[in-house]
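This report looks at how parts of one protein chain meet and at the spaces left between them. The sequence and structure come first.

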Amino acid sequence: MKELQFDSAVIGGGAAGMAAALELSARGLSCAVIEREDELGGILMQCIHNGFGLIEFNEELSGPEFAQRLEEKVRSAAITPFCGATVIEVEDNGEHKVISCVSGAWGVIRIKARAVVLAMGCRERNRGNIRIPGSRPAGVFTAGLAQRLVNIEGYIPGKDVVIIGSGDIGLIMARRMSWIGCKVHAVVEILPYPSGLTRNIVQCLKDFGIPLYLSHLTTNIYGQDRVEGVEVTPIENGALMFDRSFRIPCDTVLLSVGLVPENELSRSLGIDLSPMTNGPWVDSTLMTSVPGVFACGNVLHVHDLVDFVVEEARRAGSFAADWLAGRRKDKELRVKAGSNVRYVTPGRLDPARDNKLYLRTLIVKNDAVLEVRLNNKTVRSQKKSHVQPSEMISFNLGPSELAAARESPDSVLEVSIL
Ligand SMILES: Cc1cc2nc3c(=O)[nH]c(=O)nc-3n(C[C@H](O)[C@H](O)[C@H](O)COP(=O)(O)OP(=O)(O)OC[C@H]3O[C@@H](n4cnc5c(N)ncnc54)[C@H](O)[C@@H]3O)c2cc1C
């Protein structure tokens, strides 16, 4: 068994993991990045469409191009990547975390590090998670798996496609499947509004004449050996209108019904999870409930843009470096999701410095207002021309707005969308 020691270790070599490692290395700390795939890049490697990096590089890049830019920096920094190594356990032994990985090339590796950044990304919800009735034929895939089959493995999963859920991966795959000669018959969405970004609705559905059925539920999947069709039922005032159900023949169903942070390692380490984000609960320094363990990117909460992932990951790396340098946080105030807010992260803020917050709303609204209240007094009231659940909102709060929290020990900040 190989045993190694580093100042810090990052689990996951996607955009978040690479960005966090670069920050740790820039602060003079030795850093290992452990990635289960054979190369760095994470989910970006299968996203061959463009639209990445508008904020980070002021350019429109494909996913692999974006990953390559980060990887080149990682390779020229004092960072040790372990690719093809899957982390199976992380133990907290007080001064050190001990990370156990298995790798085809090296067998079992044990890496000791004083700080760990979790950057394991997220996984797709599947048919079992949403309990679609019907038989169990072949031909039902998650949209991300279909994307990998088409873009990396070079297989076409089917010819006549229905997509369930209007998340971004499903929308991107509607366009991709059309480009490779498949017929995409419909995208079926249970909610009255799309779950994906507006730009993807336009560029991936409207431009290809693919119908989007909002407020429709997939009530059956037919077929014995292979999918033969789906039954779709309209929803009105919360009730299923079975008298208006219709059937769409198809041989392939792609599911794009949400992503969930990859929590197995976090759970085994005893990290507190947030029921709102489904990822680890973190404080103002992106540190989890286990001291010395930080989290960023899609393992913390599901992001829509990689630019935000990289920004957050840099801060996680920087906070981990501060922690290793012995800096401990001062007094923090608690953050609470108010009206029409599904979640706001992080769960604590430091009133003495600038804090970045990310939130997702529960509503679709034009002319909305982002309202921030500290101890029941409004400290920010900011107009938002349009809000919707699929578009993450980010904002900064600094010492001047949080001044009152420095005097009052049990301060609470509440963020609402009105
Ligand atoms: C289909 C799709 C389209 C997108 N389109 C856009 C777009 O147009 N523009 C945009 O800006 N953003 C887009 N995004 C979002 C953006 O790409 C992602 O949010 C971002 O790349 C996620 O980075 P991450 O590092 O958090 O996660 P990931 O990239 O998922 O990286 C996590 C890594 O951790 C590794 N890992 C997990 N568990 C272990 C373990 N136990 N041991 C070792 N390694 C492990 C995984 O193998 C993976 O490589 C898209 C995302 C998807 C899925």
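In this predicted model, R360 and D304 join their side chains in a salt bridge, with 3.1 Å from N to O. Between domain 1 and domain 3 the count is one salt bridge, while the structure as a whole holds 17. Another of the salt bridges links E59 and R69, whose closest N and O atoms are 3.1 Å apart. E59 sits in the loop between β3 (50-52) and β4 (61-62) and R69 in helix α2 (residues 63-76), so this pair ties together parts 10 residues apart in sequence. Side chains of opposite charge can pair when their charged atoms come close.

**Domains and their contact**

The domain assignment divides the protein into domain 1 (2-123 + 260-329), domain 2 (126-257) and domain 3 (334-417). The contact between domain 1 and domain 3 takes 16 residues from domain 1 and 17 residues from domain 3. Their C-alpha centres lie 26 Å apart. Together domain 1 and domain 3 bury about 1300 Å², and 55% of this area is on carbon and sulfur atoms.

**Two spaces**

Which domains supply the lining of the second largest pocket? Domain 1 and domain 3 each give at least three residues to that lining. The lining of the largest cavity likewise draws at least three residues from each of domain 1 and domain 3.

The largest share, four residues, comes from β21.

How many cavities of 30 Å³ or more does a search of the whole structure find? The search finds one. The lining of the largest cavity consists of L286, L300, H301, E312, R315, T345, P346, K356 and Y358. Two or more of these residues come from each of α8 (306-324) and β24 (355-361).

Methods. Residues numbered from 1 in each chain as written. Predicted model: local features only at pLDDT ≥ 70, side-chain atom pairs only at ≥ 80, totals over all residues. Heavy atoms only, no water. Domains from an automatic or database assignment. Contact = heavy atoms within 4.5 Å. Buried area = accessible area lost by both parts, 1.4 Å probe. Salt bridge = Lys/Arg side-chain N within 4 Å of Asp/Glu carboxyl O. 1 Å grid on protein atoms, 1.4 Å probe; cavity = no way out; pocket = protein on both sides within 12 Å on 5 of 7 lines; lining within 4 Å. Points joined across faces, edges and corners; volume = space filled by probe spheres on them.
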